[in-house]
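Below are the entries, in the order in which I looked things up.

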2 protein chains.
Amino acid sequence: MPDDASRDALSTAVRTSLERSDLDPVHALVGEEHPADLALLLEELEPDQAWQVLLLLPVDIQAEVFGYLDAEAQTELARHAKRPRLAAIVTAMNADERADLYNKLTEAQREALMPGLAQAEREDIRRLASYPKDTAGSIMTSDYATLPAEISVGEALHRLRREAPDKETIYRAYVVDDERRLIGSVRLQELILAEPATPIDRVMERNVLAVKVDEDQEVVARKVARYDMLALPVVDADDRIIGIVTHDDAMDVLQEEATEDFHKVGTIGKLEQNVRDAGISLLYRKRVAWLVLLVFGNLFSGAGIAFYEDTIAAFVGLVFFLPLLIASGGNAGAQAATLMVRALATGEVVLRDWGRMLGRELLVAGALGATMAVAVSAIGVVRGGPEIAVVVALTMVLVVIVGSLVGMSLPFLLRRLNMDPATASAPLVTSIADVAGVVIYFAIATRILLPGG
Amino acid sequence: MPDDASRDALSTAVRTSLERSDLDPVHALVGEEHPADLALLLEELEPDQAWQVLLLLPVDIQAEVFGYLDAEAQTELARHAKRPRLAAIVTAMNADERADLYNKLTEAQREALMPGLAQAEREDIRRLASYPKDTAGSIMTSDYATLPAEISVGEALHRLRREAPDKETIYRAYVVDDERRLIGSVRLQELILAEPATPIDRVMERNVLAVKVDEDQEVVARKVARYDMLALPVVDADDRIIGIVTHDDAMDVLQEEATEDFHKVGTIGKLEQNVRDAGISLLYRKRVAWLVLLVFGNLFSGAGIAFYEDTIAAFVGLVFFLPLLIASGGNAGAQAATLMVRALATGEVVLRDWGRMLGRELLVAGALGATMAVAVSAIGVVRGGPEIAVVVALTMVLVVIVGSLVGMSLPFLLRRLNMDPATASAPLVTSIADVAGVVIYFAIATRILLPGG
């Protein structure tokens, strides 16, 4: 990963040479770069410049670069492409990447592209592109090798040699029966180690983990991670193998899901685009809903305050501690929610752990509240005397405990209702804790400070 | 990944059979399970029961299961192990996993273990265990194959066949010169495709990406993800290959780093343990620091309120809107911070993007503030008349803009100061926005409502 400075230098050098129509230095500059870095470079150039650079590369590298481009750059470059050129690149692309590209093209672009492709490729693209978003089918590739069970190791190697140039991922081949039902798998490494005459079913592993094509992509990715797999086979309803999900795509899914949860906990809706290039109206729409909702949520705090207006009028100094006390309950609650949202997402904690977690949270929150009460009661004495200090300290312990228990339990409740635990965002927990804080504070204050209150 | 119910059923069945000292059904039950799932099962059993189960399995599976166990279970089982048994398992474990295990053992346990191992293994463990935490060295493995440049493809395959049983990861072999300096790499797949007489340096790729042994593990993991690699070679200061980081370990690192950032944004310190098993005192320590710090931060809000006590005393109804207005600024700021913290962590956004992000944030926040002002001013009219409504609406627009700009900029500032952007937690941003909110609200109120104020 070149740092920003060297990336800038490369981009400037390439641009300068392109403007002088001097392609030799560009060729030298881009020849050594990784396709992923070339994609970043192309994203910064105008489409016609990008094509000038792309055409300096062999077609398999062009295909790789195309696979690394973001959605916007892909469709932009596709729009500016000569048809046969684009068809050649698409033919050379990985099966899953070209299906993704196909899904991003307009109907007109698709119609322009498809006639340039061979029949087999057209069918492969249409098939892979047809699976619903966020399922195993939508992230799988058809670049895998299968072997029949009855052949020998030597014959298997011979077949793989014949197929390998087309298959990106033959470190493992899948053994299937006559109806392509998955019955085993074998590593390339085991094949080259075994005697050529050995039957395949003597060296293959039988217990092959596989997922159904309609399984959720996050579940699939977690399996790949959990079992340290290079690829996980995908089967249809009849257990016939129809694709594999590779480790790199699983990693991307886990990263996306982490980002989505991260945003969700920050009350931001799912962004289909990267943050850097997201437009103003998209960001507005993804942020406004929760903000407005929380305004109305916070009205309950206001109502709590209105209810105790007499107490406030009599002891206006109480307001000094108000932001501090309600924020503390919210902060402790947000911590507890954060811990549980992430632990539920990674599977570290499951629904039935709630009781144990609740007991522990009560003790932790009690200790936290007591510590913060000590900190704040000193200030209470200074600003309002011992009575105010007692009110403030008592409130602190209670709001931290209430906030923490709400924050800790809400993600479990959401999961129980089949909703996303990440909906238990810090601001939502904070808003609930705020209302509780206002009521607890002024109820205690009224009781202790107002005679007969 | 078996669901909770089937996991429970397995665990119960195994326990029941163990209590009856009936090992045959246990053997049948565990024989089909993946080592990762067996590890989960063992973590729930008593150490002596766990050993009974482990010993039903072949030693290479024992080693795999051991690698999947969490730190606590590993050291616990090691403590209850017969020495030669543990030595056999450690010998069969992956190089990186046994180095991690070694790092978790007590000095006494290490001394008991090491004499049972062969000289080469002892040295390998000591070497891998010696690299500082969170560096490439600490996550790399020594299970990789090297080839000299001058041999033929046929000879290379012959060598790999000889070495393969020991090397987990020979889908790619690294080509080195006489001093083990990395000069190329070749995929197993290319070797079986090429003519046996071809020299290795004709089929190898020359531009091998590698990282230095002291590189940060997150940078290493992001490279593996970015370039879709199965493994990334690690070199010493003289460019000699000393290990590789495999895709599965890179994935684990990215997951850990995501969890760490997630927690950090929720003001929780780095947990070395998983959340489910973390103790009360650990959780207390990881949470208390920021909570107490934020108490003192919130005193500034209190001070702001104290400064405007006259305005409040004159218009006590203003307090109704206080939680709502300051929470809104904080919520918008937390959203902006969340977006930037994650984008900086994944590399989507870099330091120099700040200016562009700032301009966009100003527009988005302006629109958000205006929307929320409309929502809140209606309530302002009802509760306090048009003058109060104007004060509340104006404040809303300003606090949302100020909160958003602070939230958006703080992660950049922290990165600029070489601190972790994730320190810009929602509660920190909220606290800053609270102070700004109090001052803005009462300053506007004093100006508009108090004649000559």
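Entry: B:Tyr102. I found B:Tyr102 in helix 8 of chain B, which covers residues 95-104. The model is a predicted one. Is B:Tyr102 buried or exposed? Its relative accessibility is 11%, so I noted it as buried, the cut-off being under 20%.

I then listed what B:Tyr102 touches, leaving out residues up to four places away in sequence. The list reads B:Arg110, B:Met114, B:Ile125, B:Arg126 and B:Ala129. I also checked the spacing to one of these partners. B:Met114 is twelve residues from B:Tyr102 along the chain, and their C-alpha atoms are 9.5 Å apart.

Entry: B:Arg352. B:Arg110 came up again here. I placed B:Arg352 in a loop of chain B, between helix 19 (322-346) and helix 20 (354-416). B:Arg352 has a relative accessible area of 40%, so I wrote it down as partly exposed.

Entry: helix 4 of chain B. This helix runs over residues 47-54. How many of its eight residues are buried? I counted six, and noted the helix as mostly covered. The buried ones are B:Pro47, B:Gln49, B:Ala50, B:Trp51, B:Val53 and B:Leu54.

Entry: A:Ser11. I moved to chain A. A:Ser11 sits in helix 1, residues 4-19. Its relative accessibility is 6%, so A:Ser11 counts as buried. Which residues does A:Ser11 contact, leaving aside neighbours within four places in sequence? I found A:Leu41 and A:Glu44.

Entry: positive phi angles. I looked at two residues with this feature. A:Arg180 is not a glycine, yet its phi is positive, at about 60 degrees. A:Arg180 belongs to the loop between strand 2 (172-176) and strand 3 (182-187) of chain A. I noted A:Arg180 as partly exposed, at 35% relative accessibility.

Where is B:Asp228 placed? I found it in the loop between helix 15 (217-226) and strand 5 (231-235) of chain B. B:Asp228 has 25% relative accessibility and counts as partly exposed.

Entry: chain A as a whole. I noted 22 helices and six strands in chain A. Its radius of gyration is 30 Å, while the globule rule gives 22 Å for 453 residues, so chain A is more spread out than a compact globule. Along the principal axes, its C-alpha atoms fill a box of roughly 95 × 65 × 35 Å. Of the 453 residues, 55% count as buried.

I looked at contacts in chain A with a separation of 6 or more. Residues 24 or more positions apart account for 67% of them. For charge, I noted 43 positive and 65 negative side chains in chain A. The centres of these two sets lie 4 Å apart.

Entry: the two copies. I laid chain B on chain A. A turn of 180 degrees and a shift of 0.0 Å along the axis did it, with an RMSD of 0.1 Å. The copies are thus related as by a two-fold rotation axis. The same surface serves both copies, as 100% of the contact residues of chain B recur in chain A.

How values were computed:
Residues numbered from 1 in each chain as written. Chains lettered and ligands numbered in written order. Predicted model: local features only at pLDDT ≥ 70, side-chain atom pairs only at ≥ 80, totals over all residues. Heavy atoms only, no water. Helix = DSSP H or I, 4+ residues; strand = E, 2+ residues; numbered from the N terminus. Rg over C-alpha atoms; globule rule 2.2 N^0.38 Å. Buried < 20%, exposed > 50% of the residue type's maximum accessible area, 1.4 Å probe, protein only. Contact = heavy atoms within 4.5 Å. Lys, Arg positive; Asp, Glu negative; His and termini not counted. Charge placed at Lys NZ, Arg CZ, Asp CG, Glu CD. Least-squares fit on C-alpha atoms with pLDDT ≥ 70 in both.
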